[in-house]
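Hi everyone, thanks for coming. Please have a look at the sequence and the model on the screen, and then we'll walk through the inside of it together.

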Amino acid sequence: MSPQLTQFLAEYPDAAERARLIAEDPWWLVLIKAVVVLLIGPVLTIFLIVWERKAIGRMQNRPGPNRVGPGGYLQSLADAIKLPFKEQIIPDTADRKVYFLAPVLSAVPALIALSAIPFGPVVSIFGHRTVLQLMDLPVGVLVILACSSVGVYGIVLAGWASGSPYPLFGGMRSAAQVISYEIAMGLSIVAVILYSGSLQTSEIVQAQAHGWYFYMLIPSFVIYVISMVGETNRAPFDLPEAESELVGGFHTEYSSMKFAMFFLAEYVNMVIVSAFCTTLFLGGWRFPFVGDDSALNQNWWPILWFFAKTFILLFGFIWLRGTLPRLRYDQFMRLGWKVLVPVNLVWIVVVVAIKTVQWSWPQILIGVGVVLVVLVLLSLALPDKKLPESDYVDLAGSGSPLPPLDLRVPDATPRQKALAKAEAKAARRKPAGVTAAAAQEGTEDGGN
């Protein structure tokens with residue numbers, strides 16, 4: 001066996017070898033990995049807050065943070081120092097135990113989820129060969145989905161425990177939102193599992209050695225990207241904390257460090273879903289257009305490529321917040337239940353058919369093209385839907401109904417006509433009265 005092949009096999013071991021390497025990690029190496037995984041979320045949160053404010057300020061032609069530190073880059077650090085010293089205000093009607101527990105329940109699972117993400121291949125740390133991953137479970141995909149979903153319990157309990165109506169509405173919205181988009185997100189991962197044949201995150205990355213899934217399974221990728229924005233309650237899907245409707249949403253009654261924990265959970269969840277998307281669809285830590293035997297995919301370089309892909313997805317969150325307005329709640333739920341879920345189910349059937357028949361990609365593209373042509377022809381052959389003449393209303397350029405040209409404005413409203421009719425009926429029932437002149441003459445005669 002050549003030295004190059006030996007080194008290649010050492011850098012990219014199979015599942016059993018990776019499990020053995022992780023199991024043989026000494027306690028100090030496990031401690032280092034755990035600390036790094038727990039710090040990734042808070043450190044990136046500090047960075048993302050400044051990056052988001054500066055990027056949106058640039059998009060909207062206004063200054064971002066520019067007072068604290070050089071160029072305003074220490075603004076997040078100043079906020080992190082300020083929040084713990086702010087006054088804690090607890091409503092009298094709050095359930096204190098649940099009120100304190102809710103922020104913890106929202107933030108802690110978000111910090112744990114990154115432990116199943118593979119950040120790179122096998123490397124040497126202080127002379128010990130190990131995998132750049134804290135744990136490589138056979139059901140790693142389900143662990144990450146569970147950790148990202150448990151956080152909604154903290155949001156719902158925060159809304160209920162605050163003892164205020166607006167936080168309760170925000171918590172209920174968040175529960176319905178996460179249920180809806182968690183289904184779409186889970187279904188979008190089914191195609192990836194079918195193609196990779198594993199629920200293990202490292203195996204999914206390894207299966208993309210000859211092609212990334214973001215273009216092989218593009219419907220799943222698009223649905224996952226939309227679902228991850230809805231899952232993290234980010235604009236334009238930030239309805240649980242819509243300030244124009246719910247003051248501040250589920251965290252209206254929170255302040256000081258407890259509010260900071262909700263803030264931390266939101267940004268850490270953004271990092272988790274972006275890192276998970278990188279693992280599932282963007283080849284994980286691999287550099288594009290080169291093989292695994294390239295120097296760019298060996299040693300510590302893959303960590304750089306992994307976080308570069310993650311930052312591209314995180315910038316997508318920022319871009320959406322700076323450009324799109326908030327959706328109405330009914331539009332948001334309709335998108336989840338009537339568009340994403342049905343399309344996902346149809347796509348899963350297509351993927352199963354492709355895997356069963358074992359078509360090649362040219363045959364798949366030809367088949368998809370034929371189906372699209374047939375659908376277009378059917379849409380052209382269908383007659384246009386026409387409304388009955390009695391129900392047809394012309395629209396003006398502004399979208400308002402256009403009144404007919406022969407419109408006649410009534411002289412009186414139905415209420416005015418009814419009042420006039422009632423007055424006429426009452427006048428007919430009243431006896432004939434004496435005129436004022438006759439009454440005056442009668443008074444004068446009586447006086448004489």
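**A look inside**

Let's begin with a hole: I40, L44, L114, F119, V271, A275, F306, F307 and T310 line the second largest cavity. A cavity, on a 1 Å grid over the protein atoms alone, is a set of points where a 1.4 Å probe fits but cannot get out, and lining residues have an atom within 4 Å of a point. The elements giving two or more residues to this lining are α3 (27-59), α12 (256-281) and α13 (301-323). Helices here are DSSP runs of H or I with at least four residues, numbered from the N terminus. The largest share of the lining, three residues, comes from α13.

Before I go on, this is a predicted model: local features need pLDDT of at least 70, side-chain atom pairs count only at pLDDT 80 or more, and totals for chains, interfaces and linings use all residues. Residues are numbered from 1 along each chain as its sequence is written, and side-chain values use heavy atoms, with hydrogens and water left out.

What kinds of residue make up the lining of the second largest cavity? Eight are nonpolar, one is polar and none is charged. Nonpolar means Ala, Val, Leu, Ile, Met, Phe, Trp, Tyr, Cys and Pro; charged means Asp, Glu, Lys and Arg; the others, Gly among them, are polar.

Now to the packing. The largest nonpolar core has 66 residues, and L217, Y224, M228 and F276 have the most contacts inside it. Its largest share, 11 residues, comes from α12. Such a core is a set of buried Ala, Val, Leu, Ile, Met, Phe, Trp, Tyr and Cys residues joined through side-chain atoms within 4.5 Å. Buried means under 20% relative accessible area, with a 1.4 Å probe and protein chains only. Apart from this core lies another, of 10 residues, including Y99 and F262.

Which residues does M228 touch, leaving out those up to four places away in sequence? They are M185, V273, C277, L313 and F317, where contact means heavy atoms within 4.5 Å. C277 counts as buried because its relative accessible area is 0%.

C147 is buried too, at 13%.

Last stop: H251, in the loop between α11 (243-246) and α12. H251 has 16% relative accessibility, so it counts as buried. Beyond four places in sequence, H251 touches E241, F259 and F262.

Definitions and conventions:
On a 1 Å grid over the protein atoms alone, a cavity is a set of points where a 1.4 Å probe fits but cannot get out, and a pocket is an open set with protein on both sides within 12 Å along at least five of seven lines; lining residues have an atom within 4 Å of a point. Buried means under 20% relative accessible area, exposed over 50%, partly exposed in between (1.4 Å probe, protein chains only).
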